[in-house]
Amino acid sequence: MSWLALILFVAFIIYLYKLCTPSSHLWKYGNQIPGPKPLPIVGNALVFISEKTILESLWNTVRQYGPVARLWLGKQLFITLTDPKDIEVFLARNVHMNKSGSYRLLDSWLGKKGMLTGDADVWKVHRKLLTPSFHFKILENAVGMIEKHANIMCQQLESRVEQPEFDITDYVEKCSLDIICETAMGIDLQCQTARYSRYLENLKTITLVMIARIFQPWLHTEFLFNISTSGRIYNKALPVIKSHVLKVITDRKEMLTSKNSLNDQTDDGTKKPKPFLDFILAESNFTNEEIEDEVQTIMFAGHDTTKTGISFCLYALSNNPHVQEKLIEEIDDMVAQKGENLSIQDYNSMKYMDNVIKEGLRIYSPVPIVARKVAEDVTLPSGFTLPVGSEANFCLLFLHNDEKYFEEPNKFKPERFEHQERKNPFEYIPFSAGSRNCVGQKFANIEMKVVLFKFFQKYRLLPATKTTTIDLETGIVLRSLQGLPVRIARRN
Ligand code: HEM
C-alpha cells in the first residue's frame with residue numbers, strides 16, 4: 001500500500017513538473033528579461049504571497065526590475081510592460097490580437113464567443129455586427145434612462161446624509177447595473193430598490209476567485225481547481241450568474257414576442273433606444289452560445305467598470321474639496337443656462353467635468369491591467385524580445401501613475417488635462433487603444449457624467465474620518481480593500 005502511495009506521489013510530482021515546465025524557446029528568451037529567480041514548478045508565483053495585494057507585488061516587481069519585468073507563473077511567461085512605446089507595439093498593430101491565456105480561465109463564465117475575451121476570428125465578426133448598437137443616436141436616447149437611475153441612486157442616498165462614513169460603491173454598483181440592464185438589455189431590473197442582488201453578490205465571488213487563480217499556477221488545470229476550496233466556491237456561484245443572464249435573455253425574448261409588454265416609450269414620452277440585446281437577437285447567425293456569451297460580457301463589462309470609474313471619482317472628490325467646488329460651479333452654471341433637461345451635447349460641453357473624469361480614470365484606472373498573447377517573436381523599442389506564446393501585460397494603472405508621464409501623479413489635478421500635449425498617445429489609455437479598444441467608451445463617459453451631475457446637484461461629499469488610506473487591488477477591475485468610504489451632506 002505504501003509503495004502504491006509512493007508511486008502515485010512520484011507520478012503526481014512528474015505530472016506537476018511537466019505541467020509547469022515551459023518550452024525551451026520561452027525559457028531562453030524569458031530569462032533574458034529582468035525578473036526574480038524562479039523556483040521549480042511554481043516559478044515566481046510566491047511573490048504574490050509576500051505582499052498584501054497582487055497589485056503591490058506587481059508594482060514592486062516593476063520598481064525593482066524596470067518597465068519590462070518578467071515573472072514565471074508555472075510555465076507561463078508573464079511580462080509586465082509599462083513603457084508606452086512598448087505598449088504601442090501591441091495595441092497599434094493588428095498582429096497580437098488574441099487575449100492572453102489568463103483570459104481563458106474566464107471561459108466557464110464569459111465563454112469563448114464574447115467580444116471581450118473571444119479570439120480574433122469570432123471577435124472580428126461580433127465587433128462589426130454589434131458596433132452599431134453603441135451608435136451616438138442610440139446613446140442620445142439612453143440619456144433619459146441613465147438620468148432616471150441616477151435620480152433613484154440619489155433618493156437611496158438620502159438615508160446617508162449627515163451620517164457617518166459609508167462605502168459609496170454599494171450604491172453606485174446597483175445604479176450601474178440597473179443602467180446597463182435597461183439600456184442594453186431592455187429590462188428594468190430595479191436592483192437599486194431591491195434589498196439584495198444575488199447576481200452582484202455572486203459576481204463579486206467569481207471575479208475575486210478568478211483573479212487569484214490567474215496568479216496561482218497550480219490552480220490553472222481544471223482538475224486541481226475544481227477540487228480546491230476556491231474552485232468549489234466558484235462552482236457554487238457560477239450557476240447563479242448564468243441563470244440570471246439566461247433569465248434576462250428569456251424575459252426580453254418574451255417581451256419582443258408579446259408586443260403588449262413591450263413598452264418602447266420612456267417616462268417622458270420619448271422613444272426608448274433599441275437595446276444591444278435586440279441587435280443580437282435579430283442577428284440570425286448568432287448561436288445561443290454566442291448570444292449568452294455576449295450578454296454575459298456586456299452585463300459585466302458594462303457595469304463593473306463604470307461602477308469603479310464613478311465610485312473612485314466620488315471618493316477622490318471627497319478628498320479634494322477645491323476640485324469639487326469647481327465642478328459644482330460648472331454644474332450650477334449649466335442648470336442656470338439649460339434647466340434640468342440636458343442633451344448629450346450639454347453633458348459633453350462641460351469641460352471641467354470631462355477633465356475630472358479623465359483624472360479619475362488616470363489615478364484610479366478601472367481596468368488596471370490588460371493582456372495579450374504574443375503571436376510571434378517581437379523585439380520591443382526597449383530592446384527586449386518577447387517570445388511567441390508569452391503573455392504581455394500592460395499595466396495601465398502603473399503607466400498612468402508614472403511620474404515620467406504625469407507630474408505629481410499622486411495628486412488629483414483635473415487641470416492637467418487642460419493643456420494636453422502628450423508626447424505619445426499611448427501614455428494615457430484607460431479604455432485601451434487600437435482595434436480592440438473599449439467598444440463602450442462613449443457610453444461609459446456619458447453615464448459617468450450624468451451620475452456625477454445628478455449627485456452634485458443635490459449633495460456635497462466630505463472625506464471619511466476613520467479610514468484615511470486605502471489599499472488598491474485588482475479584482476479584474478480596480479477595487480479598494482477598505483471600500484471607498486465617504487460622507488455626504490445636503491447642498492443648501
Ligand atoms: C469607465 C468605464 C470603462 C472602462 C475604463 C473600460 C475599459 C476597457 C478596457 C481597458 C478594455 C480593453 C480590455 C482588454 O483588452 O482586455 C475594454 C474593452 C471592452 N469594454 Fe470597456 N470599459 C468601460 C466601460 C464599458 C462599458 C460601459 C461597456 C459596455 C456597455 C464596455 C464594454 C467593453 C467591451 C465589450 C470590451 C471588449 C472590446 C473588444 O475587444 O472589442 N466597457 N474596456
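Which protein atom is the single donor to the iron atom of the ligand? Hi everyone, let's find out together. The answer is the SG atom of Cys438, 2.3 Å away from the iron. Donors here are N, O and S atoms within 2.8 Å of the metal (3.2 Å for Na, K and Ca), and water is not among the atoms, so sites may look incomplete.

A quick word on what we are looking at. This is a predicted model, where local features need pLDDT of at least 70 and side-chain atom pairs count only at pLDDT 80 or more, while totals for chains, interfaces and linings use all residues. Residues are numbered from 1 along each chain as its sequence is written, and side-chain values use heavy atoms, with hydrogens and water left out.

Now, the surroundings of the ligand. A shell of 28 residues surrounds it, each with a heavy atom within 4 Å. Among the closest are Tyr103, Arg127 and Thr305. The shell divides into 19 nonpolar, six polar and three charged residues. In this scheme Ala, Val, Leu, Ile, Met, Phe, Trp, Tyr, Cys and Pro are nonpolar, Asp, Glu, Lys and Arg are charged, and the others, Gly among them, are polar.

Next, polar contacts, meaning pairs of N or O atoms within 3.5 Å. A ligand oxygen is 2.5 Å from an N or O atom in the side chain of Trp123. Another pair puts a ligand oxygen 3.2 Å from a side-chain N or O atom of Lys99. For Met115, a polar backbone atom is 3.2 Å from a ligand oxygen. Helices α8, α15, α16 and α21 each give two or more residues to the shell; helices are DSSP runs (H or I, at least four residues), numbered from the N terminus.

Let's stay with α21. This helix provides the largest share of the shell, three residues, and Cys438 is in the loop between α20 and α21. What is the handedness of the crossing where α16 passes α21? That crossing is right-handed, with the near helix turned clockwise from the far one by less than a right angle.

Methods:
Polar contact = N/O pair within 3.5 Å; in protein donor to acceptor, adjacent residues only side chain to side chain.
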